[in-house]
Amino acid sequence: MTLDRLGRWRLPVLAALSILVALGVVIAILLLGRAPSALDGSPSPRPSASSASSSATPGSTPESAIRAFYDALAKARRTDDPSIVEPFVNGTDSSAYLTAAGFLEGQRGLGKASVVTVLELSDFQVTIEGTRATVRFTLREGGYDIDLKTGERLETPMVLPEKRVEAELVLVSGTWLVDGYGAIK
């Protein structure tokens with residue numbers, strides 16, 4: 001008879017304990033903020049000297065221009081539409097636009113597009129000389145390819161190894177625009 005009573009209460013007690021543990025984890029995450037990156041040894045993003053934060057208006061700083069360009073490129077990869085990056089580059093004849101458009105057209109030619117699930121830019125180093133800026137940063141991205149027509153996933157999601165990227169920007173009418181970019185070898 002005693003075993004039946006314990007069996008009856010076992011599930012509610014386990015559920016209550018699970019809720020308490022989950023609540024404790026949420027509170028710990030909220031109190032510690034970005035602590036997981038500090039705990040796992042990965043570098044924490046550091047703002048550049050030229051920008052107050054990554055939430056700056058796109059193009060108001062070289063860093064915000066880079067972030068806006070990569071956000072637009074991630075969106076463009078879903079449809080292989082290079083026009084999405086146009087507002088963030090120094091014209092359709094710029095190296096930045098031609099590189100992005102060439103990649104997207106190649107994907108379209110293969111009948112596939114991409115879904116970006118991880119896009120992290122960190123460790124910015126910005127050098128400004130007049131109306132030109134050079135920005136070096138660490139890029140970590142991941143996702144998976146999809147069939148362009150059906151949207152069906154073609155591969156398992158993956159995260160690529162981090163890489164250092166250098167971008168050249170120009171200041172045009174008060175807005176920083178990406179002129180070219182590429183991996184640092």
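Is arginine 132 buried, partly exposed or exposed, and at what relative accessibility? I looked this up and found 38% relative accessibility, so arginine 132 counts as partly exposed (buried being under 20% relative accessible area, exposed over 50%, partly exposed in between, with a 1.4 Å probe and protein chains only).

I note that this is a predicted model, in which local features need pLDDT of at least 70 and side-chain atom pairs count only at pLDDT 80 or more, while totals for chains, interfaces and linings use all residues. Residues are numbered from 1 along each chain as its sequence is written, and side-chain values use heavy atoms, with hydrogens and water left out.

**Salt bridges.** I searched the whole structure and found 6 salt bridges (a side-chain nitrogen of Lys or Arg within 4 Å of a carboxyl oxygen of Asp or Glu). Among them, aspartate 179 and arginine 132 meet through their side chains at 3.6 Å, N to O; this pair links distant parts of the chain, with aspartate 179 in strand 5 and arginine 132 in strand 2, 47 residues apart (helices, H or I of at least four residues, and strands, E of at least two, are DSSP runs numbered from the N terminus).

I then looked up arginine 77 and glutamate 141, whose side chains form a salt bridge at 3.4 Å, N to O, and which lie 64 residues apart in helix 3 and strand 2 respectively. Both residues of this pair, arginine 77 and glutamate 141, are buried.

**Arginine 140.** I placed arginine 140 in strand 2, residues 132-147, and its C-alpha atom is separated by 6.5 Å from that of proline 161, 21 residues apart along the chain.
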